[in-house]
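Reader: I would like to learn how to read the packing of helices in a model. Please take me through it one feature at a time.

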Amino acid sequence: RVLFRSESVLMAQIPDNATPALDMLRSVGGDAMLAMMLQTFVQFADERIPQIAAEAAAGRLREAASGAHALKASARQLGALALGDACQRLEEAGRAEHAAAVADGVLDVQDAYRVARDWMSALATAS
């Protein structure tokens, strides 16, 4: 189990299933590398998720799928498994050109990211 500064606050926010990925990353590069990776991901996702939503709204379903694909692996690597799973569902719906499922997928990705962003940002500043 990884111990963080202000652990009582952060542990309530970090999903249990994120811990293995976070532990592995900290063991490789320490707090500084983990913080940098989390900050970089948050900046990337802050830009990419609105782009995905815009592509979906414009009916460019395959482009929305491609954007979700770009987020999926990074989210999972950083322990944001719910976000990675939401990205996968959106990606599959976009590749199948299923507009209603893409619209639902965008909402799911946005919701999952809102949760992940909170704990990722808190962890990045506490590390």
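**Reading helix packing**

Author: Leu61 has 12% relative accessibility and therefore counts as buried, where buried means under 20% relative accessible area, exposed over 50% and partly exposed in between, with a 1.4 Å probe and protein chains only. This is a predicted model, in which local features need pLDDT of at least 70 and side-chain atom pairs count only at pLDDT 80 or more, while totals for chains, interfaces and linings use all residues. Residues are numbered from 1 along each chain as its sequence is written, and side-chain values use heavy atoms, leaving out hydrogens and water.

Reader: In which helix is Leu61 found, and which residues does Leu61 touch?

Author: Helices are DSSP runs of H or I with at least four residues, numbered from the N terminus. Leu61 belongs to helix H3. Contact means heavy atoms within 4.5 Å. Leaving aside residues up to four places away in sequence, Leu61 touches Ala56, Gly94, Glu97, His98, Ala99 and Val102. Of these, His98 lies 37 residues from Leu61 in sequence, with 7.8 Å from C-alpha to C-alpha.

Reader: At what angle do H2 and H3 pack?

Author: Axes are lines fitted to C-alpha atoms, for helices over the stretch in contact, and angles run from 0 to 180 degrees between N-to-C directions. Angles under 35 degrees count as roughly parallel, over 145 as roughly antiparallel, 65 to 115 as roughly perpendicular and the rest as oblique. Helix H2 (residues 19-57) packs against helix H3 (residues 61-77) at about 165 degrees, and their axes are 8 Å apart. H2 is therefore roughly antiparallel to H3. The residues making this contact include Phe41, Phe44 and Ile52 of H2 and Ala64, Ala68 and Leu71 of H3. By class, the contact of H2 with H3 has 15 nonpolar, three polar and four charged residues; Ala, Val, Leu, Ile, Met, Phe, Trp, Tyr, Cys and Pro count as nonpolar, Asp, Glu, Lys and Arg as charged, and the others, Gly among them, as polar.

Reader: How are H3 and H4 oriented to each other?

Author: H3 and helix H4 (residues 81-95) pack at about 155 degrees, with axes 7 Å apart. H3 and H4 are therefore roughly antiparallel to each other. Their contact includes Leu61 and Lys72 of H3 and Gly84 and Cys87 of H4. It divides into nine nonpolar, four polar and six charged residues.

Reader: Is Lys72 buried or exposed?

Author: Lys72 counts as buried, because its relative accessibility is 15%. Beyond residues up to four places away in sequence, Lys72 touches Gly84, Cys87, Gln88 and Glu91.

Methods:
Helices (H or I, at least four residues) and strands (E, at least two) are DSSP runs, numbered from the N terminus.
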